[in-house]
Amino acid sequence: MEEDEEEDYMSDSFLKQDVRPGLPMVRRVKEAIQKEEKQKEANEKNRQKSIKEEEKERRDLVLKSALGNENKGFALLQKMGYKSGQALGKSGEGIVEPIPLNIKTGRSGLGHEELKKRKAEEKLENYRQKLHMKKQANEQAADQFRIRLKTKQEERKMEGDLRKSQRACQQLDLQKVSEKLHILTAYLRDKHFYCIWCGTTYEGSEDLASSCPGDSAADHE
């Protein structure tokens, strides 16, 4: 149903309306009062906000302004010989400007910022310690790896030296055996005219030289 369509005066919603005399006027008055109260609350909030801003502006202006003769402390210093712009102390080694005033605007309690700063420093120190411990662990792991690698290299070198020694022993042993064999075969040929490869005793040196192929195993192959 469209909004501009005429209302059905026989409908339930229309018949249930309160049509007592003067009721619409009372409702409008009540709504106007509520609207006025809300406007007053809004104006009060704006006024409080402006008061705080004005206080801040006045405070900043006073803090930025230099002390005048109306200030009792400043007047007392002038009586003692102090001049504007002069540093405090007998030798002028003191401060020139007054100690700045830090206005606390937050809701945190006294010492909260110091506690927060200390916790941040402790957290940073813990982080540095963890980094240092991690660095030490990495260095120790690297040292252990180098030690293991060096040990393996030394073991491989020792194994190589062992194999070389074994081969040298075999060669030297074979050389000694060969020398002993040569001495024995020469003795048998010279004294007994006997050749171990031929298995024959010859009548003399001339017979051995003419009949035997040679004085080594290679000659009899």
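Helices (H or I, at least four residues) and strands (E, at least two) are taken here as DSSP runs, numbered from the N terminus. The model is a predicted one, in which local features need pLDDT of at least 70 and side-chain atom pairs count only at pLDDT 80 or more, whereas totals for chains, interfaces and linings use all residues. Residues are numbered from 1 along each chain as its sequence is written, and side-chain values use heavy atoms, with hydrogens and water left out.

A search of the whole structure for salt bridges (a side-chain nitrogen of Lys or Arg within 4 Å of a carboxyl oxygen of Asp or Glu) returned two. One joins Asp 143 to Arg 146, with the closest N and O atoms 2.1 Å apart; both residues belong to helix H4 (residues 112-192), where a spacing of three residues corresponds to about one turn of the helix. Accessibility was classed by relative accessible area (buried under 20%, exposed over 50%, partly exposed in between; 1.4 Å probe, protein chains only), and by this criterion Asp 143 is partly exposed at 35%, as is Arg 146 at 48%.

A salt bridge also links the side chains of Asp 161 and Lys 157, at 3.3 Å from N to O, and these residues, four apart in helix H4, are separated by about one helical turn. Asp 161 is partly exposed at 33% relative accessibility, whereas Lys 157, at 56%, is exposed.

Arg 189 is likewise found in helix H4, but is buried, with a relative accessible area of 13%. Its contacts (heavy atoms within 4.5 Å), not counting residues up to four places away in sequence, include Tyr 194, Leu 208 and Asp 215.
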